Amino acid sequence: MITELLKIEALPTTTADQVMEAAATVNSFVQKQDGFINAELIKAIEGNTWYFIYHIENFEKVKAVGEKIRGMKLFGVFMPLIVPGSMSVSFYSHMNKWPANA
């Protein structure tokens with residue numbers, strides 16, 4: 001499993017509702033893609049930094065989803081909402097998971 005971590009810094013004028021609406025647009029597409037496992041959206045307690053966390057079956061499927069998103073310019077919905085140049089993405093390999101009551 002691959003974890004994709006996408007970070008954005010929303011403009012001071014951007015509301016949480018605007019980010020959530022844009023996220024819903026992107027997520028409605030990503031959830032239908034081959035290899036999608038789950039996703040979540042988190043926000044830093046202080047400031048206006050947001051993280052999208054996607055879990056995808058393998059890196060080949062991550063790349064395929066990324067190509068489709070770039071081709072559709074799907075993240076364009078975020079561009080008016082974020083600090084220019086603040087979007088970054090990183091990928092991580094799943095190594096282990098511990099149960100909640102361990």
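## Basis of the model

The structure is a predicted model, in which local features need pLDDT of at least 70 and side-chain atom pairs count only at pLDDT 80 or more, while totals for chains, interfaces and linings use all residues. Residues are numbered from 1 along each chain as its sequence is written, and side-chain values use heavy atoms, with hydrogens and water left out.

## Overall fold

The protein chain has two helices and four strands. Helices (H or I, at least four residues) and strands (E, at least two) are DSSP runs, numbered from the N terminus. Read from the N terminus, the order of the elements is β-α-β-β-α-β. The radius of gyration of the protein chain is 14 Å, close to the 13 Å that the globule rule gives for 102 residues, so the chain is as compact as a globular protein of that length. This radius is taken over C-alpha atoms, and the globule rule is 2.2 Å times the number of residues to the power 0.38. Along the principal axes, the C-alpha atoms fill a box of roughly 40 × 35 × 20 Å.

Contact here means heavy atoms within 4.5 Å. Among contacts between residues at least 6 apart in sequence, 75% join residues at least 24 apart.

## Surface and charge

Of the 102 residues in the protein chain, 33% are buried. A residue is buried under 20% relative accessible area, exposed over 50%, and partly exposed in between (1.4 Å probe, protein chains only). The accessible surface of the chain is about 6600 Å², and carbon and sulfur atoms account for 57% of it. Accessible areas come from the Shrake-Rupley method with a 1.4 Å probe; for residues, only the protein chains shown count as cover.

The chain carries 9 positive and 10 negative charges, and their mean positions are 5 Å apart. Lys and Arg count as positive and Asp and Glu as negative, while His and the chain ends are not counted. Each charge is placed at NZ of Lys, CZ of Arg, CG of Asp or CD of Glu.

## Salt bridges

Side chains of opposite charge can pair when their charged atoms come close. A salt bridge is a side-chain nitrogen of Lys or Arg within 4 Å of a carboxyl oxygen of Asp or Glu. By this rule there are two salt bridges.

One of them pairs Asp 34 with Lys 61, with the closest N and O atoms 3.5 Å apart. Asp 34 lies in the loop between helix H1 (16–30) and strand E2 (36–43) and Lys 61 in helix H2 (residues 59–72), so the pair ties together parts that are 27 residues apart in sequence. Asp 34 is exposed, at a relative accessible area of 56%. Lys 61 also meets Glu 57 in a salt bridge, at 2.7 Å from N to O. Glu 57 is partly exposed, with a relative accessible area of 39%. Through shared partners, the salt bridges join Asp 34, Glu 57 and Lys 61 into one network.

## Buried residues

Ile 56 lies in strand E3 and is buried, with a relative accessible area of 2%. Leaving aside neighbours within four places in sequence, Ile 56 is in contact with Met 1, Ile 2, Gly 35, Phe 36, Ile 37, Lys 61 and Val 62. Gly 35 is 21 residues from Ile 56 in sequence and 5.3 Å from it in space, C-alpha to C-alpha.

Val 65, in helix H2, is buried at 7% relative accessibility. Val 65 and Gln 33 are 32 residues apart in sequence, with their C-alpha atoms 6.7 Å apart.

Ile 37 lies in strand E2 and is partly exposed, at 39% relative accessibility. Apart from neighbours within four places in sequence, Ile 37 is in contact with Met 1, His 55, Ile 56 and Glu 57. Ile 37 and Leu 74 are 37 residues apart in sequence and 20 Å apart from C-alpha to C-alpha.

Ile 45 is in the loop between E2 and strand E3 (49–56). Ile 45 is exposed, with a relative accessible area of 85%. Ile 45 and Val 83 are 38 residues apart in sequence, and 18 Å separates their C-alpha atoms.
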